[in-house]
Amino acid sequence: MKKWVVYLLGIITGIILTFVFAFYANLSDNSGIIGLEMFEEPGDYMEYSQFEVFQVIEGGALAHADDFFGVIVFIIPNEEQRFYDNQKIVLKSDQCAQHVGTYRYSTKMEIEKTVPAIRIIDGVERPKSDGVITSGKTLFDKPGECVSRKNFEVQEVLESGDAIALEIRETIAGHIFTSDLEVLILAHEGNNFYNKQVIKAPQGKCARQVGNYKYQEYGTTKVIPIIDFK
């Protein structure tokens, strides 16, 4: 009986040690940063040219990339880099942001997110533009189809004054639930959009598509409808 107990304890101890070893080996591979998953080989250079830090985390910083709506990255510091809140990082002509992995974290609302992990690499010849517009507005000659008759909630106000918004699916006990329909609402004279503002569709009118807006999100191009209430 005692030999059986010793044998069982030995197996349990071995399993525990295996998990402990794997945990620390994973931390070693990922620079000791919990939530960071490094690629076996560094990925492509991303198109971003500047970042604004909004949260410093042990081992790096979360930042908004360029002026693109919704693009968040985790920056792994180099030896000489020190981050602080609201820090603006503008890449030099010989620097690039290299995609080296992913970073998983939870927001204050306990929503789990996974974002690109990058390193700023020195001594790189940045690719020249091929003339393709990576972001911007394209307006139609005449209004298109009605895309929604519901209200919208502003998510981000652009420098142009226009606002990126999500369609409001329903409102329950004062809480707004949005759909996946993302649009750009054009600013008119007298409009001053702000974040989380509810844009109500005027009675008898609908949100008609009047163009497309193209922007970068997580290194890929997104195209969303530009709307106007008509």
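Okay, quick definition before anything else: when I say buried I mean under 20% relative accessible area, exposed is over 50%, and partly exposed is in between, with a 1.4 Å probe and protein chains only. Lys196 is the case in point, exposed with a relative accessible area of 54%.

Now the housekeeping. This is a predicted model, so local features need pLDDT of at least 70, side-chain atom pairs count only at pLDDT 80 or more, and totals for chains, interfaces and linings use all residues. Residues are numbered from 1 along each chain as its sequence is written, and side-chain values use heavy atoms, with hydrogens and water left out.

Confidence next. pLDDT is the predictor's confidence in each residue, from 0 to 100. The protein's mean is 80, and 78% of its residues reach 70 or more. For elements I'm using DSSP runs numbered from the N terminus: helices are H or I with at least four residues, strands are E with at least two. Helix 1, residues 2–29, has the lowest mean pLDDT of the elements at 55, while strand 14, residues 198–199, has the highest at 93. Over residues 20–30 pLDDT stays under 50, and the model has eight contacts there beyond four places in sequence; a contact means heavy atoms within 4.5 Å. Residues 128–134 are also below 50, with five contacts beyond near neighbours in sequence. Where pLDDT is low, the predicted coordinates should not be read in detail.

So, the cores. A nonpolar core here is a set of buried Ala, Val, Leu, Ile, Met, Phe, Trp, Tyr and Cys residues joined through side-chain atoms within 4.5 Å. The largest has 16 residues, and the ones touching the most other members are Tyr48, Phe51, Val73, Ile75, Ile89 and Ile118. Strand 3 (50–57), strand 4 (60–65), strand 5 and strand 8 (112–121) each supply at least two residues, and strand 4 gives the most, with three. Take Phe51: leaving aside neighbours within four places in sequence, its contacts include Ala63, Val73, Ile75, Ile89, Leu91 and Ile118. Apart from that core lies another, of twelve residues, among them Val154, Ala163, Ile185 and Ala201.

On to the hairpin. Strands pair if DSSP finds at least two bridges between them; strand 12 (residues 163–172) and strand 13 (residues 175–185) run antiparallel and are joined by eight. Ile172 stands opposite His175. Two residues sit between the strands, and Ala173 in that turn has a positive phi of about 50°.

Asn86 has a phi of about 65° and is in the loop between strand 5 (72–76) and strand 6 (88–90), exposed at 56% relative accessibility. Lys196, back again, has a phi near 70°, in the loop between strand 13 and strand 14.

One residue I like is Ser148, in strand 10, residues 146–148.

Last, cysteines. A disulfide is a pair of cysteine sulfur atoms within 2.5 Å, and the whole structure has zero. Cys96 is buried at 4% relative accessible area, whereas Cys146 is partly exposed at 31%.
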